[in-house]
Amino acid sequence: MSEDKRQQALDYHAYPVPGKISVELTKPADTVEDLALAYSPGVAEPVREIAQDADNVYKYTAKGNMVAVISNGTAILGLGNLGPLASKPVMEGKALLFKRFAGLDSIDIEVKHRTIEEFVDTVANISDTFGGINLEDIKAPDCFEIEKQLIERCHVPVFHDDQHGTAIVTAAGMLNALELQGKAINEAVIVCLGAGAAAVACMELLIKCGAQREKIYMLDRKGVIHTRRDDINEYKQLFANNTDKRTLEDVIEGADIFLGVSGPDLLPPDALKLMADNPIVFACSNPDPEIKPELAHQVRDDLIMGTGRSDYPNQVNNVLCFPFIFRGALDVRASRINDEMKLAAVEAIRLLAKEPVPAEVLKAARVDSLTFGKDYIIPKPMDPRLLPRVAKAVADAAVESGVARIEMPENYMEGK
């Protein structure tokens with residue numbers, strides 16, 4: 001970032017008041033009568049109703065529209081383990097996005113702990129306060145165990161967005177890119193540079209979309225993850241390929257897809273040259289991708305390129321899904337966010353990119369036109385159609401898969 005942009009970012013977070021979120025009142029509190037209803041003695045009445053039937057908490061409190069964004073700060077953006085307090089600007093930002101894009105109230109919670117068990121206990125013990133739990137910026141492999149235990153212990157949906165949000169948007173964009181490049185997902189050779197939470201989740205979801213596990217080559221800092229390595233955890237083990245290939249250059253030769261969830265400038269131009277005709281490159285390291293789009297297009301004129309940045313085409317951004325997944329899940333009081341709901345989100349996002357783009361989206365994106373093609377394979381984050389399309393698809397899938405606790409509201413999302 002330039003010094004001017006850096007100062008602009010700091011000023012944005014500091015002024016006119018510190019932070020990005022606040023609490024607003026939804027009921028009048030101007031008179032003695034108002035206060036008597038808001039607090040004592042009137043507040044006793046909903047207390048009694050909830051004590052008689054716990055589901056009344058959704059009728060008399062904000063629980064059904066409230067998401068907690070929770071982190072321990074062990075994997076903040078691409079900056080690493082900087083601690084819980086350093087994660088707070090990011091968690092506040094996530095709360096801002098929930099409100100801006102899905103109308104969901106959200107509060108950030110930063111947890112200090114010594115063990116996974118302490119973190120899980122803390123979150124589980126407060127989880128009933130909220131309609132859903134969004135986990136964020138938690139290092140791998142801890143995040144896998146944390147999410148697994150919390151899903152088992154909590155009565156509300158728990159979703160680690162760094163894993164599943166990234167995977168959903170990646171899959172949506174990847175399916176469209178494969179279609180445009182004339183390739184089938186079940187035949188595609190995939191190279192994944194990075195082996196953390198996002199990498200594992202992306203590959204698992206692509207497999208659910210039809211990719212073949214034996215055609216996936218995953219690399220960590222030590223190179224290709226293969227069956228003869230004895231230094232890999234159980235999650236990397238899922239992608240241990242029975243191969244003699246050891247380097248990025250070995251596995252990328254003839255590959256159809258490169259997915260980078262690693263670090264800046266880790267895809268050399270000479271390696272990109274080795275890929276198959278009409279390759280797909282998602283270089284998602286943020287803020288600096290594995291290869292800069294300008295350089296990638298100089299090397300290959302037949303590729304489809306995506307990054308995690310908003311200043312290039314095809315931004316692979318979690319905001320395309322997580323607000324709307326929670327919106328749909330909370331509106332039918334889903335007990336969890338399952339694979340059916342994730343795949344429904346993939347399909348809704350993927351199909352939206354094929355539709356004509358409204359003028360308001362073009363204006364917000366500062367472009368004259370957007371048409372489904374190499375430079376437009378996934379919708380823009382500010383597309384207002386994402387809310388009704390993705391939320392309804394997710395809610396439908398929750399009902400059909402049996403995890404919804406109530407029926408979908410009549411005329412759900414019509415007019416949105």
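This is a predicted model: local features need pLDDT of at least 70, side-chain atom pairs count only at pLDDT 80 or more; totals for chains, interfaces and linings use all residues.

Trainee: Then let me start with the open sheet of 6 strands: what is the strand order?

Mentor: The general idea is that strands of a sheet pair through backbone hydrogen bonds, either parallel or antiparallel. Here the order is β7-β6-β5-β8-β9-β10, and the pairing is mixed. The edges are taken by β7 (223-224) and β10 (304-307); each has a single partner strand, so one side of each lacks a neighbour in the sheet.

Trainee: How many bridges pair β8 with β9, and in which sense, parallel or antiparallel?

Mentor: Strand β8 (residues 257-260) pairs with strand β9 (residues 280-283) over 4 bridges, in the parallel sense. Carry on to β10: β9 and β10 run parallel and are joined by 4 bridges, with isoleucine 304 of β10 as the bridge partner of isoleucine 280.

Trainee: Are the faces of β10 covered or open?

Mentor: Both faces are covered. Ile304 and Gly306 point to one side, Met305 and Thr307 to the other, and all of them are buried.

Trainee: Which helices lie across this sheet?

Mentor: Take helix α8 (residues 161-181), which lies across β8, β9 and β10 and runs at about 155 degrees to β9. Then there's helix α9 (residues 197-208), lying across β5 (190-193), β6 (216-220) and β8, at about 175 degrees to β6.

Trainee: Now helix against helix. At what angle do α14 and α17 pack?

Mentor: In general, two packed helices are described by the angle between their axes and the distance between the axes. Helix α14 (residues 322-331) packs on helix α17 (residues 386-401) at about 50 degrees, and the axes are 7 Å apart. Because of that angle, α14 counts as oblique to α17. The crossing is right-handed. On the α14 side, the contact residues are Phe324, Ile325, Arg327, Gly328 and Ala329; α17 brings Leu386, Leu387, Val390, Ala391, Val394 and Ala395. Sorted by class, that contact has 9 nonpolar, 1 polar and 1 charged residues.

Trainee: Back to strands: is β1 mostly buried or exposed?

Mentor: In strand β1 (residues 66-71), 5 of the 6 residues are buried, so the strand is largely enclosed by the rest of the structure. It runs parallel to β2, with 6 bridges joining the two. One of the pairings puts serine 71 with glutamate 110 of β2.

Trainee: How accessible is glutamate 110, and what does it touch?

Mentor: Glutamate 110 is partly exposed, at a relative accessible area of 21%. Leaving aside residues up to four places away in sequence, glutamate 110 touches Ser71, Pro84, Ser87, Lys88 and Met91.

Technical notes. Residues are numbered from 1 along each chain as its sequence is written. Side-chain values use heavy atoms; hydrogens and water are left out. Buried means under 20% relative accessible area, exposed over 50%, partly exposed in between (1.4 Å probe, protein chains only). Contact means heavy atoms within 4.5 Å. Axes are lines fitted to C-alpha atoms, for helices over the stretch in contact, and angles run from 0 to 180 degrees between N-to-C directions. Angles under 35 degrees count as roughly parallel, over 145 as roughly antiparallel, 65 to 115 as roughly perpendicular and the rest as oblique. A crossing is left-handed if the near helix is turned anticlockwise from the far one by less than a right angle, and right-handed if clockwise. Ala, Val, Leu, Ile, Met, Phe, Trp, Tyr, Cys and Pro count as nonpolar, Asp, Glu, Lys and Arg as charged, and the others, Gly among them, as polar. Two strands pair if DSSP finds at least two bridges between them.
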